[in-house]
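Here are my notes on this model. Please keep the sequence and the structure open as you read.

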Amino acid sequence: MTTQLGVLDLVPISSGSTATQALRNSVDLAQHAERLGYVRYWFAEHHLNPGVAGTSPAVLLALTAAETTTIRLGSGAVQMGHRTALATVEEFGLLDAAYPGRFDLGLGRSNGKPREPRSAAPAASRPVSNGRTANGLLIPAPFDPRPLLKSPRFALQQALLQLPGAESQDYTEQVDDILALVADTYSADGEEARVVPGGGADLQVWILGSSGGESAAVAGRRGLRFAANYHVAPASVLEAVDAYRAAFRPSAELDRPYVAVSADVVVADDDATAGELAAGYGLWVHSIRTGAGAIPFPTPDEARAHRWTAAERELVADRVETQFVGSPVHVADQLERLRDATQADELIVTTITHDHRDRVRSYRLLAEEWARR
């Protein structure tokens, strides 16, 4: 059976365009993804980025659910560091009440405080030599996020998202609270909480993670589905999936581990055309990693006008080198390599191009080639 493909959408704003058009593009892309056979469509959550309109997954999901009928919709992920379990369950409970049985509640740790220790990943069953797995998947050197986390813009984002004096709840406790609220089993000091709507909602809960840390541990120990981010943190994707599987305990939801892995791709009729469409990606990643916030996605000409320094190229190298760019056959081959190296049950594909038509076509070409596999 062919591994199923899903979509991760950041709701990118192209240079010269607007947030309004980006929203329209995302709904249109979701409709195309549904017709093309993609199994799920997720929205990421990002803040204070001039080139990204995906600030509220729940709002985006409501807009998209109204214009689609069968594709699963979800958050990839709700950032729990500035949220409460109750507010999250209430939002997704409303969605489920309006469009029953269609939603994935993907949870991200964000700046939540960890409780559970970092899992010790087992010895790699897929050894890495010279930066590649045995089947050729690139595992680059890790990116050091500490300078980004110390940037003034990151501090501003944290200050605006968090209420004055508030502290993030322990993430594992948040996940447990969400599971209890959805299951209608939550109680504190002898008082039961009944969330309406939300309690008893038909939600599929996922944990998203970029390493073998607390996210992988809580997903495994609670028997939840886990999504690992090769497109964000390619250096630690094997560590993440190994830690999750090592921690996994069967639950009423799952009797075995279930893993999705994300990848950044651009597909066109041939490698050269795809490379042209992906030309703005490096500059876009650079804007994120320097703390400026994601810029509107540039045209190839705008990207070529940038004069790169060696330090700038090194800053984005891991992301640029692990983006899958090329013809349908070329990209599908690389996705199969990612699937086999991580033993993924699903792949989540994210694509950004300046022109929306090229983005839609990329997903269509990939779906057609994947169906032939």
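1. Ground rules. This is a predicted model: local features need pLDDT of at least 70, side-chain atom pairs count only at pLDDT 80 or more, and totals for chains, interfaces and linings use all residues. Residues are numbered from 1 along each chain as its sequence is written, and side-chain values use heavy atoms, with hydrogens and water left out.

2. A233. This residue sits in the loop between strand 11 (225-228) and helix 8 (237-247). Helices (H or I, at least four residues) and strands (E, at least two) are DSSP runs, numbered from the N terminus. A233 is buried, at a relative accessible area of 17%. Buried means under 20% relative accessible area, exposed over 50%, and partly exposed in between (1.4 Å probe, protein chains only).

3. Helix 8. Eight of its 11 residues are buried, so helix 8 is largely enclosed by the rest of the structure. Among the buried ones are V237, D242 and Y244. Their cover includes helix 7 (214-221), strand 12 (259-267) and helix 13 (328-342).

4. Strand 1. Five of the six residues in strand 1 (residues 4-9) are buried. Strand 1 runs parallel to strand 14 (residues 346-350), joined by four bridges. Q4 has E346 as its bridge partner there. Three bridges join strand 1 to strand 2 (residues 40-43), also parallel. D9 is partnered with F43 in strand 2.

Note on methods. Contact = heavy atoms within 4.5 Å. Pairing = 2+ DSSP bridges.
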